[in-house]
Amino acid sequence: MAPPPRLAALLLLLLAGASASAVRADLVISRADRKVDLTSHIVRVLTSLKVENVVSEPVSKVLLAFPNIQAKNLAAIRAFGTEGKVKGPSVVLPIETVQPSGVPPELTFFSVSLHKPLQKGKILHLDVLTVFTHSLQPFPEEITQAESQLVVFQDSSHYLSPYPVKVQTLSIRLPGGRVESYTKYANTKLVDSELKYGPFEDLPPFSYSPVIVHFENNNPFAVAKELVREIEISHWGNVQITEHYNIAHGGARLKGEFSRIDYQSRPYVRGVSSFRHLIARLPPTAHSICYRDEIGNISTSHLWSDSKKTQLEIEPRFPLFGGWQTTFTIGYGLPLQDFVFTSDGKRFLNITFGSPVEEILIEKLIVKVVLPEGSKDIDVSVPFPTKQWQEVKYSHLDIAGRPVLVLEKPDVIPEHNLHFQVYYKFSNISLLIEPMMLITGFFLLFVACIAYMHTDMSISKNSPSYLAKLQWDEVQATVQQIQSIFGQCLAVHDKLEVSLHDLSRTGDTKSCKAARKAADAQFKELAKELKPLLISLQSSTQSYQIWPKVEDLVAKEREMQEKLMARHSTVVDSFEKKLRGQDIENRIASQQQKITVLRQEVESLLEYLSEI
């Protein structure tokens, strides 16, 4: 299935309507060689131009043209130039967006300013590096786990220029693997993984010849939806970097279900379109490196370090297929003396802007530079436009908070990983604020401890609170003794129950009567022990909440004793009269029911007293 030539059709229409006034007659491009690198999902094009001035007036600007549909994906453009017949060392040339009169509105123009005007007959060697994002379109857009990822690239075999071009070539470097299809012309050839077009000779301005390449590319399409990079400076000797990633696979979406068994058995066949790890190249002096996500530390990472670099291999908890996302955090420290310097009475941070992860596209990058508390006169120098504002961050022992410079930029690529500088003023006296706060805090703590040790905090024995505590202790002791007596009463109740069970088994009424007599004597003895305790408890001012419960407990226990003795007499009398078992149960049924209820109430009251 051939990919749809959308870009090609659009360019043919717009170039067909280009007016003659758009043609530039002051310069001629003697040779144009373009090299397109498609080995990554970020497309890089290096165009080498040999420009000649053919008019008498000096020329100070060179125009570069791009279709709008390509220009919207242009993430970076740089120009390097040198004058002379032989190409020598190049210098960076400034570039700006312009809109010349009479040009098609579907084209975007950039103007390269020369350091000195190009005289008639002179030659300028101009190298233009352009980097495009989202220029490789997955086709098909959905694939299964076992399928390879195919992508489409569309361009022109002719260099799109407002100047005539005498000779030009195009070279497209592919990542390897199979090539489904590509546009073929008479002078087209595919050698290994490189597709070559040309040479083409004597082409007029705005020449266009569509090229469509449909090929396999299983390299990681790592796209960070958002990256928040926090750089915190501590003048105690450390620069702490914390990077929060939200990464997605920007390639063809996974169709169908994911099979973990198939993936683990043949990962490079049943997961060829996924990526399992990313490489982050950190500074060689990086230390205290961590890699974690919302769950915690991820132990599948690997770290290599030498005198030139520190390389961190990031392996997420699961492989990423097209459309899948994951979040994680990288943190590491850097020595302060390697990244913070002084100049003209100011300090400045000199560090790279982008991400250390290789070949990653960041759709939204937020860089936060957290300066020490007390920093002022903050300024920043960034080699490209960014959105900027300031915030305040509070940390431990902060009073006014730490100033935070925030930089935001969309569509950040590895070419943006350039150094930028943050200038600020900071007094060394400010370093003493936090240590002095700690020293003062500890001093006040020690003074408080000394004062506490030399202060008599004991309670006077004549104070009302002390006397109230003694009375309460007496009440608790009395309640415990009362509980013990009632516990003995319940034990006597159990003995009476045992004597009735023995009576039903042996029929010995004499033994049963003796047990009742002994129980009656024990009840009287326990009542004598209980009486002074009740008088003591009733007279205490601390027992106003407890006494009603104790009084109720005494009444319930006495009633239960009476019911138990009455039931015992009834059973013994019935056995002496030789009544049937059913008749005996009928005679004591009401008594037994009342005894059960009273027993529950007594035990409930005893439990209440235990809690007190």
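Predicted model: local features only at pLDDT ≥ 70, side-chain atom pairs only at ≥ 80, totals over all residues.
Local features rest on pLDDT of at least 70 and side-chain atom pairs on pLDDT 80 or more, while totals for chains, interfaces and linings use all residues. Residues are numbered from 1 along each chain as its sequence is written, and side-chain values use heavy atoms, without hydrogens and water.

Helices (H or I, at least four residues) and strands (E, at least two) are DSSP runs, numbered from the N terminus. Two strands count as paired if DSSP finds at least two bridges between them. An open sheet of 3 strands has the order 3-7-6, with antiparallel pairing. Its edge strands are strand 3 (59–67) and strand 6 (95–98), each pairing on one side only. On average, neighbouring strands of this sheet are turned by 35 degrees against each other, direction ignored. Axes here are lines fitted to C-alpha atoms, for helices over the stretch in contact, and angles run from 0 to 180 degrees between N-to-C directions. Strand 6 is joined to strand 7 (residues 107–118) by 4 bridges. T97 stands opposite F110 in strand 7.

A second open sheet has 4 strands in the order 25-26-31-28, again with antiparallel pairing. Strand 25 (340–343) and strand 28 (376–381) each have a single partner strand, so one side of each is left without a neighbour in the sheet. Strands 25 and 26 (residues 346–352) are joined by 4 bridges, and T342 stands opposite R347.

Strand 24 (residues 325–335) is mostly covered, with 9 of its 11 residues buried. Buried means under 20% relative accessible area, exposed over 50%, and partly exposed in between (1.4 Å probe, protein chains only). Strand 18 (residues 238–249) runs antiparallel to strand 24 and is joined to strand 24 by 11 bridges. H244 stands opposite T329. Strand 21 (residues 287–292) also runs antiparallel to strand 24, with 4 bridges. Y291 has I330 as its bridge partner.

Helix 7 (residues 547–576) has 30 residues and reaches 44 Å from its first C-alpha to its last, close to the 44 Å expected at 1.5 Å a residue. The expected span is 1.5 Å times one less than the number of residues. Just after helix 7, K578 takes a positive phi of about 60 degrees. I588 belongs to helix 8 (residues 581–611) and is buried, at 14% relative accessible area. The C-alpha atoms of I588 and T570 are separated by 7.2 Å.

The structure holds 30 salt bridges. Such a bridge is a side-chain nitrogen of Lys or Arg within 4 Å of a carboxyl oxygen of Asp or Glu. R402 and E232 form one, with the closest N and O atoms 2.7 Å apart. R402 lies in strand 30 (residues 402–412) and E232 in strand 17 (residues 222–234), so the pair ties together parts that are 170 residues apart in sequence. R402 is buried at 9% relative accessibility, and E232 is buried at 18%. Another salt bridge joins E559 and K594 (3.8 Å, N to O). This pair links helix 7 to helix 8 across 35 residues. E559 is partly exposed at 27%, as is K594 at 35%. Salt bridges with shared partners join E230, E232, K393 and R402 into one network.
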